[in-house]
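Q: I have a structure to read, and I am new to this. Can you take me through its features one by one?

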Amino acid sequence: QVQLVESGGGLVQAGGSLTLSCAASGIDFGFGHYVMGWHRQAPGKERELVATITSGRTTNYAASVQGRFTISRDNAYSSIYLQMNSLKPEDTAVYYCNYRPMSQPRDYWGQGTQVTVSS
């Protein structure tokens, strides 16, 4: 059973940094093809993709976070991370961890962690 648990959210001033973590269980990071990533949803807005990392460690970023955010994966800890620098008030959202295995027609989501950036 796949479970994703996010942590690391909080309140930070504009220009500050936060690192989000997503601890995964039920996933063998060293097997199969998959994409893991971070998405976010601000109040009144649709959920949007922030960054992804594939099983082959190819990364992809939304234009709005390119150069400020870095996604990474640690197989030993079955976790992915999102290092967020130079945070802006418009980065305020609930951030969700996502796992999409290529072998299954579905996505798995964590419960989300709130990030609030004050101006």
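A: Start with one residue. Arginine 57 counts as partly exposed, because its relative accessibility is 41%. Buried means under 20% relative accessible area, exposed means over 50%, and partly exposed lies in between (1.4 Å probe, protein chains only). Before we go on, note that this is a predicted model: local features need pLDDT of at least 70, side-chain atom pairs count only at pLDDT 80 or more, and totals for chains, interfaces and linings use all residues. Residues are numbered from 1 along each chain as its sequence is written, and side-chain values use heavy atoms, with hydrogens and water left out.

Q: Where does arginine 57 lie?

A: Arginine 57 sits in the loop between strand 5 and strand 6. Strands (E, at least two residues) are DSSP runs, numbered from the N terminus. Arginine 57 has a positive phi of about 75°, although it is not a glycine.

Q: Which other residue has a positive phi although it is not a glycine?

A: Look at serine 86, with a positive phi of about 50°. Serine 86 is in the loop between strand 8 and strand 9. Its relative accessible area is 41%, so serine 86 is partly exposed.

Q: How do I read strand pairing?

A: Two strands pair if DSSP finds at least two bridges between them. Take strand 5 and strand 6 (residues 59-61): they run antiparallel, joined by 3 bridges. Isoleucine 53 has threonine 59 in strand 6 as its bridge partner. The hairpin of these strands has 4 residues between them, and arginine 57 with its positive phi belongs to that hairpin.

Q: How many bridges join strand 4 to strand 5?

A: There are 6 bridges, and strand 4 and strand 5 run antiparallel. Histidine 39 stands opposite leucine 49 in strand 5. This hairpin has 6 residues between its strands, and glycine 44 in the turn has a positive phi of about 75°.

Q: Is isoleucine 53 buried or exposed?

A: Isoleucine 53 is buried, because its relative accessible area is 3%. Isoleucine 53 is found in strand 5. Now read its contacts, where contact means heavy atoms within 4.5 Å. Not counting residues up to four places away in sequence, isoleucine 53 touches Tyr34, Val35, Met36, Thr58, Thr59, Ile71, Ser72 and Arg73. Compare a pair in sequence and in space: isoleucine 53 and proline 105 are 52 residues apart in sequence, and 18 Å apart C-alpha to C-alpha.

Q: What is a nonpolar core?

A: A nonpolar core is a set of buried Ala, Val, Leu, Ile, Met, Phe, Trp, Tyr and Cys residues joined through side-chain atoms within 4.5 Å. Here the largest one has 32 residues. Those with the most contacts inside it are Leu4, Met36, Trp38, Leu82, Met84 and Tyr95. Among the elements that give two or more residues to this core are strand 3 (18-25), strand 4 (34-41) and strand 9 (93-101). Leucine 82 touches residues including Leu20, Trp38, Val50, Phe69 and Tyr95, not counting residues up to four places away in sequence.

Q: What about charged side chains?

A: Side chains of opposite charge can pair when their charged atoms come close. A salt bridge is a side-chain nitrogen of Lys or Arg within 4 Å of a carboxyl oxygen of Asp or Glu. By this rule the count is 4 salt bridges.

Q: Which residues are linked in a network of salt bridges?

A: The network links Arg40, Glu48, Arg68 and Asp91. Glutamate 48 meets arginine 40 at 2.7 Å, N to O. Arginine 40 also meets aspartate 91, at 2.9 Å, N to O. That pair links distant parts of the chain, 51 residues apart: arginine 40 is in strand 4, aspartate 91 in the loop between strand 8 and strand 9. Both arginine 40 and aspartate 91 are buried. Aspartate 91 forms another salt bridge with arginine 68, where the closest N and O atoms are 2.8 Å apart.

Q: Why does arginine 68 count as buried?

A: Arginine 68 is buried because its relative accessible area is 11%. Glutamate 48 is partly exposed, because its value is 37%.

Q: How do I read a disulfide?

A: A disulfide is a covalent bond between the sulfur atoms of two cysteines. The cut-off is sulfur atoms within 2.5 Å. This structure holds 1 disulfide. Cysteine 22 and cysteine 97 form it, with sulfur atoms 2.1 Å apart. The pair links distant parts of the chain: cysteine 22 in strand 3 and cysteine 97 in strand 9, 75 residues apart. The link is left-handed, with -80° about the S-S bond. Both cysteine 22 and cysteine 97 are buried.
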